[in-house]
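Biologist: Could you take me through this model? I would like to begin with the overall fold and then turn to particular residues.

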Amino acid sequence: MSQICVDGIRLRAYHGCLEEEGRIGGEYVVNIVLDVDFSKAAANDSLQDTVDYVIVYNIVKEEMAIRSKLIEHVAQRILYRLKKQFTQVKLTTVHVVKLRPPMNGNVESVSVKVSG
């Protein structure tokens with residue numbers, strides 16, 4: 001099995017349990033890994049036989065724009081949408097990273113990964 005990775009999708013979003021997170025937002029990075037057989041596309045050079053990265057990006061962007069308290073919820077929504085869009089994908093992994101979370105400490109990031 002081969003993998004397609006769409007890494008480092010950087011977005012500003014408004015997730016979090018604090019009211020101020022909903023107002024001022026924060027920086028996020030989303031990484032996607034898709035286990036898919038793209039041998040046909042590799043042989044015939046046809047986008048129709050593989051996963052379109054632009055669609056992956058747009059799904060992530062749309063779901064990140066919907067405010068949620070938990071990044072766990074956001075990651076699960078992204079996973080659901082990707083699985084629905086790309087039925088040929090055997091396994092999808094979504095990694096959502098929240099940069100500089102508002103905590104009482106020096107924390108670079110928190111993140112969740114969900115696969116299915």
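The conversation below goes from the whole chain to single residues.

Biologist: Before anything else, what are the ground rules here?

Modeller: This is a predicted model, so local features need pLDDT of at least 70 and side-chain atom pairs count only at pLDDT 80 or more, whereas totals for chains, interfaces and linings use all residues. Residues are numbered from 1 along each chain as its sequence is written, and side-chain values use heavy atoms, with hydrogens and water left out.

Biologist: How many helices and strands are in the chain, and in what order do the elements run?

Modeller: The chain has four helices and four strands. Starting at the N terminus, the order is β-α-β-α-α-α-β-β. Both kinds of element are DSSP runs numbered from the N terminus: helices are H or I with at least four residues, and strands are E with at least two.

Biologist: And what does the C-alpha trace span?

Modeller: Along its principal axes, the C-alpha trace spans about 50 × 25 × 20 Å. Of the 116 residues in the chain, 41% are buried. The classes rest on relative accessible area, with a 1.4 Å probe and protein chains only: buried is under 20%, exposed is over 50%, and partly exposed is in between.

Biologist: What share of the contacts join residues at least 24 apart?

Modeller: Among contacts between residues at least 6 apart in sequence, 60% join residues at least 24 apart. Contact here means heavy atoms within 4.5 Å.

Biologist: Let us turn to Glu21. Is it buried or exposed?

Modeller: Glu21 is buried, because its relative accessibility is 7%. Glu21 is placed in helix H1, residues 19-24.

Biologist: Which side chain does it make a polar contact with?

Modeller: The partner is the side chain of Lys98, at 2.4 Å. A polar contact is a pair of N or O atoms within 3.5 Å; within protein, one must be able to donate a hydrogen and the other to accept it, and residues adjacent in sequence count only if both atoms are side-chain atoms. Leaving out residues up to four places away in sequence, Glu21 touches Tyr14, His15, Gly16, Arg67, Lys98 and Pro102.

Biologist: What about Glu63, buried or exposed?

Modeller: Glu63 is buried, since its relative accessible area is 7%. Glu63 belongs to helix H3, residues 53-64. With residues up to four places away in sequence left out, Glu63 touches His15, Val74, Arg77, Ile78 and Arg81.

Biologist: Back to H1 for a moment. Where does Ile24 stand, buried or exposed?

Modeller: Ile24, which also lies in helix H1, counts as exposed because its relative accessibility is 51%. Apart from neighbours within four places in sequence, Ile24 is in contact with Arg12 and Tyr14.

Biologist: Changing topic: how many disulfides does the count give?

Modeller: The count is zero disulfides, a disulfide being a pair of cysteine sulfur atoms within 2.5 Å. Cys5 is partly exposed, because its relative accessibility is 42%. Cys17 is exposed, with a relative accessible area of 58%.

Biologist: Where is Cys17 found, and what does it touch?

Modeller: Cys17 is in the loop between strand E1 (2-13) and H1. Not counting residues up to four places away in sequence, Cys17 touches Lys69 and Leu70.

Biologist: Which residues lie nearest the centre of the largest pocket?

Modeller: Lys69, Leu70, Ile71, Lys98 and Val110 lie nearest the centre, out of 15 lining residues. By class, the lining has nine nonpolar, two polar and four charged residues. E4 gives the most to the lining, with three residues.

Biologist: Last one: which loop holds Asp45, and what is its phi?

Modeller: Asp45 is in the loop between helix H2 (39-44) and H3, and has a positive phi of about 60 degrees although it is not a glycine. Most residues other than glycine have a negative phi. Asp45 is exposed, with a relative accessible area of 74%. Arg100 likewise has a positive phi, of about 45 degrees, and is placed in the loop between strand E3 (91-99) and E4. Arg100 is exposed, at 59% relative accessible area.

Note on methods:
On a 1 Å grid over the protein atoms alone, a cavity is a set of points where a 1.4 Å probe fits but cannot get out, and a pocket is an open set with protein on both sides within 12 Å along at least five of seven lines; lining residues have an atom within 4 Å of a point. Ala, Val, Leu, Ile, Met, Phe, Trp, Tyr, Cys and Pro count as nonpolar, Asp, Glu, Lys and Arg as charged, and the others, Gly among them, as polar.
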